[in-house]
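Me: I am new to this structure and would like a close look at a single part of it, the open sheet and what surrounds it. Please keep the account plain.

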Amino acid sequence: MSVKENTLEKPVGTMDAGAFFKKYMMLIILVAMSIFFSIFGPNFFSWDNAVTVCRQVSIIGICAAGMMFALLVGHIDLSIGTTVSFSAVLFAKLISTKEGIEMNPFLAIVIVLLICAGFGVIKGLLVVETNMPALIATLAVSTALEGVNLLVTDAKPISGIPDGIAWLGQGYIGPIPMPVVIFALIILVAGFILGFTYIGRYIYATGSNTEAARLAGLNVKFVKVAAYIVCSCLCAVAGFVLATRLRSGTATTGTQYQTKALTACTVGGISMAGGEGTIYNLLVGIFIIGILTNGMTIMGISDYWQSIAQGVILAFSVGVDCYQRTHVKTTLRTAK
Amino acid sequence: MYMEPEISLSCKELVKTYPGVVAMDHLSFELRKGEVHALLGENGAGKSTLIKSIAGVHTCDSGTITIFGQEFTSITPRQAKELGVEVVYQEFNQMPSLSVAENIFLTEIRGKRILADQKDFQRRAAALFQEMHLDLDPKTKVKDLTNGYKQMVEIAKAISKPTTKILVLDEPTAPLTVDEVDILFKIVWDLKARGISIIFISHRMPEIFEICDRVTVMRDGKSIKTLDVAGTTREELVSLMVGRELTENYPPRETPIGETVLEARGLCGNGVEDISFHVGKGEILGFAGLVGTGRTETLRLVYGADKMEKGELYLHGEKISVHSPKDALSKGIALLPEDRKLQGVLLKMTLKANINISVLKQISAATVVNRKKENGNATEYIQRLRVRTPSMYQLAGNLSGGNQQKVALAKSLVANAKVLIMDEPTRGIDVGAKQEIYDLMRELSAAGMAIIMISSEMDELLGMSDRVMIMSEGRLAGELSREEFDQERILDIASGK
C-alpha cells in the first residue's frame, strides 16, 4: 500500500503543474502582450482599436472554432481555407446582381450551408471509414475545392453583392460590428454545447480515447463525422461574413485560414492529441494571434515578418503540446 | 568425480516494483552453461520482468545480475548483447516489408560499407536455415510469413550472431504448429550441444518435460524452487505454481442462481469458433484458458465490440442482435474491458465524466446534461465502490490502478447492466483493491447480476466462479461445475491434453 501511495503522489503533482501552465500561462502572455503594445504601439490602447481587433479576429475566430471541433475529436481540418473560399464565391455567385442569379440571400445561405455540410460528411467518412490520416483526407478535399472555386469564379472576383445583405459583413448592432456579433454568438453556442450538453461530452470522450469511448457505448464514428460537419458549416458562415464584408467573392479569399485557425487553437492550449481544450483556450488563442497581428501592424512591422512570426508561433505551440505529452508519458513509464 | 557446473548467468535478490505491484520480490535465479532452463509460473508471476531485466530493458530497483563473471547492478541492452544475451520476445521486432535475410542481418548493415550486400545476406541466411532444418527462402518478405515462421526468423536472428551465448525464448511455441514445434526443439538441442544456455518460457507442461533440464517455478515475483526436470512430476510443478497460500478471501455464494439470463449459441468470428454458453441470474461464470485462446475475443463478440460472423444471442430467452457496444449497453450487457488504461477509463477525463459517460443521454434534458444527476451518480458510485480520490473532479489518469478499475466498473454499473462481462478484473491491482472487487462481485451477484469473468488467475477463477468454461485454441474445450473444480484438470483441458 505504501508503495502505491508514494508513487501516486508524484504524477498528481506534476500533472497539476502542467495543467496550471496550460491553463493560465497563455492568459498571462496575452495580458503581457497587450501591455507591451499599449506602451509601444501608438493608439493601441483605445476603444476604436479594441473594436478593430475584435473585427479582425472574428472571421478567423469562426474558423478556429470549427478547427477546434476537429481537433477535439482527435483530427484536424486542413480544408478550412478552401471551404471558406468556396462558401464566399458560391454565395456571391448565387446572390450577385451582376454575375449571378440574384437568388434570395437567405435561401442562398441555406444552400451553401447544406453543401458545406456535405463536404463535412465527405471528410468525416473518409477519415472514419478508411482510417486514413485526417491530414491527408482534408488536404485532398482542400485541393479538389481549390479547383471547384476556380471553376465557379473563372478566376475572377465576383462582385455585385446587394446592399441589403452586405449588412452581415459591414453593419453594426449598436457600436459592435456584425462580424463580431456573429463570432460572439458562435463562441457562446459552441461553449454551451461543449460545456453543458452530452454532445460536448461525447466529443471530448471520443477525442480523449476513441476505443474506450466506443466501448462505453458511444457511436464514435458519428461523433467524428458530426465534428467535421460543424467545422465545415462554421467555415461556410465565415465565408458569408467575408463575402459580404468585402462585397465580393474570390477564389483565394480564404487562403491559409486553416493555418491561422490551427495556430490560434494550439496557442490557446487545445491539444493536437484530441480531447483537451475548452472554449476559454480557444478565445485566448484567438486573441493572442489577433493582438499580435494588430500590434505588429500598428508598430509598422511588415506582413512578411508577421508571417514568419506566425510560423514560429505555430511550431512552438504545437511543439510544447507534443513535448509535454510525450514527456509526461516517459516520466510515467520510468515511474513504473 | 562431481564437477561444479559452469554458471553463465546468475541473478541475486532482484527487486522491481511498479506502482501498486511488486513484479520481482528478491528473486534469485541461476543459469548453467549449456542447459535448457524452464521458467514456469502463472501470468504475472514475474517471468517477463525477469527476462527484461536480464536483457537490460528494465532497470531493477535492487539486486545484481552476473553474466559470465561480470557483475552488474544495472545493465544496458547494449551491454547485455555484447555479453551474448539474445532475447526472442513474444512480440516480434521485425520490418515486415524487408526480406527475411535483411531482417536477420539488419544490425550488421551499419559499418564499413554503405550498401548492404544482399547476395551475402541471402547466402548466409540460406546456410543458417539449412543448419536449422528450416525450409524458407531468404528472399521472402517477412509480411508474407505465417506467425510460426516469423517466430523462426526471430530465432534465426538471435542465433545468427556468433557471440550469442545465452538465448531467452519467451513462449516460443505459442504461435507454432506441431511440426514447427518439432523443428524448434531440434534447433534447441543443437544450440545446447554448442554450449549455449537457454531460458525457455512456456505454459505447456509437456514441452518442459521434453526439452528442459531444469525448471524454476515462479510465483508472485519470487522464485519458489528450482528443480531438475528429471526428478519432478507435473503434479509437483502445478502445485508449486498455483499453490500459494490464499491471501484473498473469496466471499461465498449466499443466494441461489436464477433462471438463464444470457445464452450464446454457436458464436463465430474474431478468431473463435462455435462457442455456446449460458449464464444465469446471479451466477458467476468463469472463462479459463491460456492467454490468446479466444476468451477476450469471444466476449467482445457478445458485447458487440467486434463483428460476429455467425451465432445467436438470447437475452431472457429472446433473440437479440448486438452490432455495437451501444446496442449491448442498451440491452443491459456491460463490459469491463481487459486493458483498463486503453479501453476501460478515459484517462484525460474526470472521474465524474467517466462514471457518467454511458448514461449521459438518459440524464440529459434537451441535450443539456443535468449536473445534479451527474454529480449524484458520481458521488454515489465513488462511495459505493470506495474509490479513493480527493474529489470527483480528479482526472482518472491520476488514480492508482485499483481505483481506475473501480471507476471502469462504476461506469458499467451506472448503465444498469443485467449481464456484466469482466475481463481480467483484478489484473495489476493491489491485494486490497482485489479483495474489494471480489466483495463487489459477490454483492452484485446476490442482487441478481449475471457475471461473466475472464481470468488468468486460477485462484480467482476457482474462488469466485460457479461454473468454468475452458477455452483452447479458439474453441470451447470443456466446462466444469463447481463440484468438479480442480486446478490440474483445468490446466490439462486448457493446454489441449
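Reply: What follows describes the sheet, then a loop beside it, and then the cysteines.

This is a predicted model, in which local features need pLDDT of at least 70 and side-chain atom pairs count only at pLDDT 80 or more, while totals for chains, interfaces and linings use all residues. Residues are numbered from 1 along each chain as its sequence is written, chains are lettered from A and ligands numbered from 1 in the order in which they are written, and side-chain values use heavy atoms, with hydrogens and water left out.

The part in question is an open sheet of four strands in chain B, in the order β12-β11-β14-β15, with antiparallel pairing. Helices (H or I, at least four residues) and strands (E, at least two) are DSSP runs, numbered from the N terminus. Two strands pair if DSSP finds at least two bridges between them. At the edges are β12 (272-280) and β15 (318-320) of chain B, each of which pairs on one side only. Ignoring direction, neighbouring strands of this sheet are turned by 20 degrees against each other on average. Axes are lines fitted to C-alpha atoms, for helices over the stretch in contact, and angles run from 0 to 180 degrees between N-to-C directions.

Helix α9 (residues 295-303) of chain B packs on the sheet and touches β11 (260-269), β12 and β14 of chain B. Contact means heavy atoms within 4.5 Å. The direction of α9 makes about 65 degrees with that of β12(B).

Strand β14 (residues 310-315) of chain B is joined to β15(B) by three bridges, and the two run antiparallel. One residue pair can be named here: Y314(B) has K319(B) in β15(B) as its bridge partner.

Between β14 and β15 of chain B is a loop that holds H316(B). With a relative accessible area of 39%, H316(B) is partly exposed (buried means under 20% relative accessible area, exposed over 50%, partly exposed in between, with a 1.4 Å probe and protein chains only). Apart from neighbours within four places in sequence, H316(B) is in contact with E259(B), T260(B), V261(B) and K418(B). The C-alpha atoms of H316(B) and T260(B) are separated by 6.5 Å, although these residues are 56 apart along the chain.

Last, the cysteines. A disulfide is a pair of cysteine sulfur atoms within 2.5 Å, and by this rule the count over all chains is zero. C60(B) is in no disulfide, the nearest cysteine sulfur being that of C11(B), 7.8 Å away. C60(B) counts as buried, at 12% relative accessibility.
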